[in-house]
Amino acid sequence: MISVVIPCYNASTTIAETIRSALSQGVEKEIIVVDDGSTDASAQVLASFGDAIRAVHTANRGASAARQTGAELAGGDFIQYLDSDDLLAEGTLARRLEVLERSGDDVAHTDWQRLEPDGAGGFGLGEVRRPDIPAIESDAQAVIATSWFWAPPAALLYRRALVERIGPWPANLPVIQDARYLFDAARQGARFAHTPGVGAYYRVSPTSLSHRNQARFIRDCTVNAGEIEAMWRSDLSLPASRRQALALMWATIANAALFGGLEDFETARLGYNRATSRRGVFEAGRVLRRSIGAKRAAAVLRFARRADQSLVRPGRALRINPGAGAHAQA
């Protein structure tokens, strides 16, 4: 059986469609929705499904706590996390289940498609994202840490035994907890199996926390990078792919913090210097911040960037591909 775990917070406009996409899956399943202290009409929407779902109402503690509550209540051999505004494609759970049962692997991941605002109050189909399978097979921890491989929870089916090894969802990373959970799966030695075709639809919301609060997003990335670096340095060796991954992670954070005037710049600069011998990359930014302050330095750099588009953009994500080396991807 597959347990579909849906955290819900003030999602009255989308949760019904999300639940229907789960109920329509032709597999043995249970749908567990954890209402994380919603103050809108979410509770009434959940009640309208009657016994077709199990609705649990808790105080507001965040998405990680809601997912963890759902996982602890789950009775399935496989767990499908599904955010309250995302959708499962028709028949995808049966295909994922078949792949895992045939291969014995731990995580089935599918292609997924963005749902983007259409300018008229709705959402339309956007870009299809497909995983870089050779990169995952090369070093899953490195490519997940740098987000070269990332997929929304809707595109990932976990074997329950792996979920138990991973442990609780990371409550200290409210913005990027799903990316860290996927990394923790790889850290536990998860084997990943690709299920071809679009299996999930990921809603891109301009009101998401990562879009609304750049400082909070960068702070989460800083904490996450520090924790991953500590884990990797505690291992017996630090492979070149992971040293490169650390350099890319810290460079991404330092760049965004430099152009955003954020306090995480110095932590990221030092992290970058630990990971690579190219230690002069961010030193000019450090001098400028010390001379005129972080905010004024950011304004100067943004003005210079408008005049010279070759300057790295603050939102540019540096990614890793162990087979082809590092490169930047917008």
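**Entry 1: helix α3.** I began with the buried residues of α3, and they are S64, A65, A66, R67, Q68, T69, G70 and A71. Buried here means under 20% relative accessible area, exposed means over 50%, and partly exposed lies in between (1.4 Å probe, protein chains only). That is eight of the eleven residues of α3 (residues 63-73), so the helix is largely enclosed by the rest of the structure. I then looked up the cover over those buried residues, which includes β1 (2-8), β2 (29-36), β4 (78-81), α7 (160-166) and α8 (177-187). Contact means heavy atoms within 4.5 Å. Helices (H or I, at least four residues) and strands (E, at least two) are DSSP runs, numbered from the N terminus.

**A note on the model.** It is predicted: local features need pLDDT of at least 70, side-chain atom pairs count only at pLDDT 80 or more, and totals for chains, interfaces and linings use all residues. Residues are numbered from 1 along each chain as its sequence is written, and side-chain values use heavy atoms, with hydrogens and water left out.

**Entry 2: the core.** Which residues touch the most other members of the largest nonpolar core? I found I15, V33, Y81, Y158 and F192, in a core of 91 residues. Helix α11 (residues 240-260) gives the most to this core, with twelve residues. Such a core is a set of buried Ala, Val, Leu, Ile, Met, Phe, Trp, Tyr and Cys residues joined through side-chain atoms within 4.5 Å. I followed up V33: leaving aside neighbours within four places in sequence, its contacts are I6, C8, I15, I19, L46, I53, R54, A55 and V56.

**Entry 3: α10 against α11.** I checked how α10 (residues 214-234) packs on α11, and found an angle of about 160 degrees with the axes 10 Å apart. That makes the pair roughly antiparallel, a label for angles over 145 degrees. Axes are lines fitted to C-alpha atoms over the stretch in contact, and angles run from 0 to 180 degrees between N-to-C directions. Among the residues making the contact are I218, W232 and R233 of α10 and L246, M249 and W250 of α11.

**Entry 4: positive phi.** N10, not a glycine, has a positive phi of about 50 degrees. N10 sits in the loop between β1 and α1 (15-23) and is partly exposed, at 30% relative accessible area. S147 also turned up, with phi near 65 degrees. S147 lies in the loop between α6 (140-145) and β8 (156-159), and is partly exposed at 27%.

Conventions
Angles under 35 degrees count as roughly parallel, over 145 as roughly antiparallel, 65 to 115 as roughly perpendicular and the rest as oblique.
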